Structures are given as structure tokens and as C-alpha cells.
Amino acid sequence: MATTKFRDTVSPYSKPRPSPPPEDYLHQKYLSDLTLKQDARLPVLKLALFGVGRAGTIHLSNIVANRRVKLVYIVDDIESKWASIKNYWHLDDVIFLSSKQADKVYNDPSIDAVVVASPTFTHEGIVRKALEAKKAVFCEKPIAEDDANSVKCYETARKVGRPLFCAFNRRFDPSYSSVKDRVRNGEIGHVHVIKTVARDSPLPTLDYIKTSGGIFHDCIVHDIDLITWILGEFPIKVAVQAHAHIPEIKAIGDYDTVVISLYFPSGTLGSIDISRNSAYGYDQRLEVFGPKVSSVNGSWGKTVDSIAPNLLDVALEL
Ligand SMILES: NC(=O)c1ccc[n+]([C@@H]2O[C@H](COP(=O)([O-])OP(=O)(O)OC[C@H]3O[C@@H](n4cnc5c(N)ncnc54)[C@H](O)[C@@H]3O)[C@@H](O)[C@H]2O)c1
């Protein structure tokens, strides 16, 4: 019988047991939850959250799940949703304020940090006031509506000696950073091709798209950042084709579908294939192709070197 034919004669207890790789941060967190070890260097920080829309809700969900932070204030101008937010997230002792009352946050010396997820045009003012009140700041991108004012915000942070954090989120995804490390360690040799596929879903509202800065600034910046971060090179030739299939997007002078090809000084070729509107759901992929066979096989996670050992591939499903 097939079942007895394949019976394992060695007990799993006498074989080496597989363990998750160090980049499996959820497993590391589980271990720390299990052992209940407190690190005295990690105090509980008091926070204020500005804006509970699409991005702010993700931050709120992370904040309430993090035992190292205590949310004290939420600042949001849609007062009609305060009660539902309070009820849904069990925020009985959180103080809700409108943006006109935000000085209470800046003037409260117990607040260590603010998280800014309000609309882009409000960022610079909130960031500056919070820094000047000696709060650490995490701000959704972009920090300001132009380069000069973004630089001024960082200068303020330096002057007051508080951190101002704004970054490309995918760099902090263990799957992407593992691809970067493996490329930089020469696992697949000189990279011949690097490509990303980025398909947004659901289609953002027109109100959002109108203030987003356009598909290049709002979406493609992530792909350009990832590719140049992994390679450590900037392209010397860039060709772009773009089209708006959606009439409302065309009417505001933006695009919903873009293909970019990149040529790098070392001969590496890059491609970016991006869409605002993916009918099957959110889809983010990165593939790096080189001539060398990877020596690492069968690692955990989403790296599919068992399929093709000279490809490092990340497929993200969120
Ligand atoms: N949505 C995303 O996937 C995404 C991704 C990356 C970055 N961002 C950035 O996050 C920011 C917010 O985007 P969003 O999509 O969540 O917008 P959103 O419109 O869904 O939410 C913004 C929220 O901020 C509130 N608000 C308005 N003025 C405010 C003020 N002065 N102070 C405090 N709150 C205020 C609004 O009432 C609303 O609830 C933007 O800068 C955007 O570029 C969004």
C-alpha cells in the first residue's frame, strides 16, 4: 500500500527540526510574547494620531495591537465618525479632537510622538508644530507638497533633536529586504533583469487621485525606489509609455496604466508595469534575474528559488 510503502522509519524527534528564518518577525514576536520578557529600555510611548481615513485606519489597527504604545488623542475632522471609531476599536479613554483643537496635542507634555495620516496638504503644518513641541513624528508620505518644504521639516527635526520618520514601506517588508540582501551578497551574480508589477486595488476614489500628485508620484515612486535600492544604481536611460483607460482619470490629466523600461550603467535592464485598477485585487511583485545559480534552496517565506534558482522573486498579497 502506498501509505505503508512511504512510512518514515526515523522518528521526527530524532531528526533536525526546521526552524523559521530570522526574518520571520511574526515568529520572533511570538517567542517574545511566549517568554514574557520585558525589555526595560523600551518604555510605553504616548501617541496622538492625526487622520483616521484609509491610511490612518491601518496605523490605528497597528497602534491598538502594540503594547509599547498608548494612544491618547485622535485628531480628525469628521466628527460624525468619532463615536463609531471609539466603539469599534474600544478606545474608551482616547480623547477625540478636531484639527482646530490640535493645539491640545502640541501643548500636552506627556505626548511623546504623533502619527500623521491626514491629507497631504495638512502634513507640513502638523509636522512642524509637532516637532517644535518636541514630539517625535511619523508622517505618511509625502511630508510636504514640495522638496524645499520637506527639507525644512527635516531641518526642524535636526534642530529640535527629535526623529522625523517618513519612508518607503516596502523596504521594511522582510521579503523585499531579503531579496536585496541576497542580490547584494552576489547570490545570483550580476543582475541582468529586475522587474516589478504593481497593481492597485480597489480603484482609489477620484477625490483621492485628484490630490495624490498623479500615478508617478503616488505609486511609481515605490517601484523606482525598490529597484534602485536593490541594485544600488540609478538608470541612465528611461523610456515610458502611459495611458488612461478610465475617462475620469484621463479628464484630470493623469494615467491609470504605465510601463517603464530602465537601462542602468552596469547593463542591468529594469521594467515597471503598473496599473491603478486591478480587477482581481491588490498585487505587488518583484523579480530579479541573474546568471548565477542560487546556493540557498528551500528557505521559508515567499522566495521561490526552488522553482528557478537564479530568480529571486517576491509576491506580496496584502
Ligand atoms: N491610502 C493609501 O493607501 C496611502 C498610502 C500611502 C500614503 N498615503 C498618504 O496618507 C495620507 C492620507 O491618505 P488617506 O488615503 O488615508 O486619506 P483619507 O482621505 O482616506 O483620510 C484622511 C483623514 O484625515 C482627516 N483629516 C482631514 N484634515 C485633517 C486635519 N487637518 N487633521 C487631522 N485629520 C484630518 C479626514 O477627516 C480623514 O478621515 C495622504 O497623505 C496619502 O498620500 C495613503
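Which helices each supply at least two residues of the shell around the ligand? They are α3 (54-64) and α6 (120-132), where helices are DSSP runs of H or I with at least four residues, strands are E runs of at least two, and both are numbered from the N terminus.

A quick note on the model: it is predicted, so to speak, with local features needing pLDDT of at least 70, side-chain atom pairs counting only at pLDDT 80 or more, and totals for chains, interfaces and linings using all residues. Residues are numbered from 1 along each chain as its sequence is written.

Back to the ligand. It is surrounded by 20 residues, and the closest are G51, G53, A55, S99 and E140; a residue is near a molecule if its C-beta atom, placed from the backbone, lies within 6 Å of it. The top contributor to this shell is α3, with three residues. By type, the shell has eight nonpolar, seven polar and five charged residues (Ala, Val, Leu, Ile, Met, Phe, Trp, Tyr, Cys and Pro are nonpolar, Asp, Glu, Lys and Arg charged, and the others, Gly among them, polar).

Now for β10 (residues 269-275) and its partners. Strands pair here if DSSP finds at least two bridges between them.
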